Number of protein chains: 2
Amino acid sequence: MDKLTVIKIGGNIIDDEAKLSSFLKSFATISGATKIGDTIGIESKYVDGRRITDAATIDLVTMVYGGLVNKKIIAQLQAYACNAIGVTGVDGNLIPATKRPVKEIDYGFVGDVLSSQIATDSWELLLNNGMVPVVAPLTHDGQGQILNTNADTMAQEIAKALSSVYEVSLVYSFEKAGVLLDANDDSTVINKLNPKYYDQLKEEQKIFAGMIPKLDNAFAALNSGVKKVIIGNAEQLTELIAGTSGTTILND
Amino acid sequence: MDKLTVIKIGGNIIDDEAKLSSFLKSFATISGATKIGDTIGIESKYVDGRRITDAATIDLVTMVYGGLVNKKIIAQLQAYACNAIGVTGVDGNLIPATKRPVKEIDYGFVGDVLSSQIATDSWELLLNNGMVPVVAPLTHDGQGQILNTNADTMAQEIAKALSSVYEVSLVYSFEKAGVLLDANDDSTVINKLNPKYYDQLKEEQKIFAGMIPKLDNAFAALNSGVKKVIIGNAEQLTELIAGTSGTTILND
């Protein structure tokens, strides 16, 4: 199996021109990689503490993340001789989804990925021919409606689906050094994490509560075929992939 | 040689939701087609009667045409079971360009296509694998700068470049029935036009002056390998391609 790296980049890197540029420079040197941006930048509407995507917001997200940010990233990567192609989950039906059903809360135009319908053949077509997809976190319902989708989830779904054809590493890059024992001290990064150690840390209440959903998702990805999950600083991309920086999460 | 149809759609179709939807429905039934949108909708700045693309305008065009309009078209085509993929000339380096040199006028961020550098292999990769590229009229300078490019020119350059690998028909679709003898009477459409007849009509001053640059470009495309050029109403796409509507321009 060929190796594939799926990289999710956080919103505060995307919004910082110097950091983004340095990130893209490193990214361009990595082959067989897919990148997924974040949507945190758009001013969100909240109802009862939940983020809601109304009609104006989905248009705005499509403009900014599907258009401006995505194409600026592609132009920069092309300048670094990386043959990037900007896509959303709508393009080539790369990530089909369904509008989240309205229960207690109506999230609006939010898509839940239809995992089993991800077009792995379209992904392979691009990846096996030297194209590097850069994905804006948008999906569609197959009936003409564009949907907003959480970028962490997108990255995870792509990594899981492509695990049937590649040996996939999933990288969550953000502004922190990795999974930390002390949330305010970057030197306390945990280098390796497996289920047993994770359980122990949770029991000792040494994991920052905000990290728990991310880590639960990481282990879920491993259980769905992803080879490893790496969490760490976007400015140390090469080191993250080499395993010399950040937290590498493995099943054993 | 496989057949390929390159279709340019005018701005007043794109800006009219009902017309666009009907156009896309017809488009979805045509195989082996590439579509190029227009940029007329953006409010332009003029200096001495010339359209100028400043930094704010290129960002706006990238957002609206590279993002919102393009992805909405893709979502609709996907709903019609057409495996469309939205691209700009930046993506996959599909259309490299150079910033127009400043002479008497500084056009700003406007790209002149580098015809000989169009990546025909990337086009073939998409087209030969059932993907239908929908192109927003943006190019890039290879150094990270996105550039605004005339959609008529984009369509023509793509058609010319792909003539080396396909038998290409180039369709300019807009709100008129075709090339007219009387600009205000759609029933005066010229069904077939060749160089001899064109010269005769020009001599008799029977061609509307505004059509002359378009027709000169059409004949230039034919002289660069394009098989035929068709000009006509976007709402009659199937008939245009069948030659039963609009003006078909041929070299003989």
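**View 1. Helix H2(A) passes helix H3(A) in a right-handed crossing.** A crossing is right-handed if the near helix is turned clockwise from the far one by less than a right angle, and left-handed if anticlockwise. The model is predicted: local features need pLDDT of at least 70, side-chain atom pairs count only at pLDDT 80 or more, and totals for chains, interfaces and linings use all residues. Residues are numbered from 1 along each chain as its sequence is written, with chains lettered from A and ligands numbered from 1 in the order in which they are written. Helices (H or I, at least four residues) and strands (E, at least two) are DSSP runs, numbered from the N terminus. H2 spans residues 17-28 of chain A, and its axis lies 9 Å from that of H3(A), at an angle of about 50°. Axes are lines fitted to C-alpha atoms, for helices over the stretch in contact, and angles run from 0 to 180 degrees between N-to-C directions. The two helices are therefore oblique to each other. Oblique is what remains after roughly parallel (under 35 degrees), roughly antiparallel (over 145) and roughly perpendicular (65 to 115). From H2(A), A:Ser21, A:Leu24, A:Phe27 and A:Ala28 meet A:Ile73, A:Gln76 and A:Leu77 of H3(A). Contact means C-beta atoms, placed from the backbone, within 7 Å. By class, 5 of the residues where H2(A) meets H3(A) are nonpolar, 2 are polar and none is charged. Nonpolar covers Ala, Val, Leu, Ile, Met, Phe, Trp, Tyr, Cys and Pro; charged covers Asp, Glu, Lys and Arg; the others, Gly among them, are polar.

**View 2. In chain B, H2(B) passes H3(B) in a right-handed crossing.** The axes of H2 (residues 17-28) and H3 (residues 55-79) of chain B come within 9 Å and cross at roughly 50°. On the H2(B) side are B:Ser21, B:Leu24, B:Phe27 and B:Ala28; on the H3(B) side are B:Ile73, B:Gln76 and B:Leu77. The contact of H2(B) with H3(B) holds 5 nonpolar and 2 polar residues, and no charged ones.

**View 3. Chain A and chain B each give 32 residues to their contact.** Three elements of chain A, namely helix H3 (55-79), strand E5 (84-88) and strand E9 (138-140), each supply at least two residues of the side that touches chain B. H3(A) has the largest share of that side, 14 residues. Sorted by class, the side of chain A that touches chain B has 12 nonpolar, 16 polar and 4 charged residues.

**View 4. The whole of chain A has 8 helices and 14 strands.** Its radius of gyration is 17 Å, close to the 18 Å that the globule rule gives for 252 residues, so chain A is as compact as a globular protein of that length. The radius is taken over C-alpha atoms, and the rule is 2.2 Å times the number of residues to the power 0.38. Along the principal axes, the C-alpha atoms of chain A fill a box of roughly 45 × 45 × 35 Å. Of the 252 residues, 48% count as buried. Buried means 20 or more other C-beta atoms within 10 Å of the residue's own, exposed means 12 or fewer, and partly exposed lies in between, with C-beta atoms placed from the backbone. Take the contacts in chain A between residues at least 6 apart in sequence: 72% join residues at least 24 apart.

**View 5. A:Ala81 has a positive phi of about 60° although it is not a glycine.** Most residues other than glycine have a negative phi. A:Ala81 sits in the loop between H3 and E5 of chain A. With 10 C-beta neighbours inside 10 Å, A:Ala81 counts as exposed.

**View 6. Helix H6(A), residues 195-203, lies largely in the open.** Just after H6(A), A:Gln205 takes a positive phi of about 55°. A:Ile212 is found in helix H7 (residues 212-223) of chain A. A:Ile212 is exposed, with 12 other C-beta atoms within 10 Å. A:Ile212 and A:Lys202 are 10 residues apart in sequence, and their C-alpha atoms are 8.6 Å apart.

**View 7. B:Gln205 lies in the loop between helix H6 (195-203) and helix H7 (212-223) of chain B.** Its phi is positive, near 55°, in a residue other than glycine. B:Gln205 is exposed, with 8 other C-beta atoms within 10 Å.

**View 8. B:Ala161 is found in helix H5 (residues 151-162) of chain B.** B:Ala161 counts as buried, with 23 C-beta neighbours inside 10 Å. Leaving aside neighbours within four places in sequence, B:Ala161 is in contact with B:Ser115, B:Ile118 and B:Thr120. B:Ala119 is 42 residues from B:Ala161 in sequence and 8.6 Å away in space, C-alpha to C-alpha.

Terms used:
Two residues are in contact if their C-beta atoms, placed from the backbone, lie within 7 Å.
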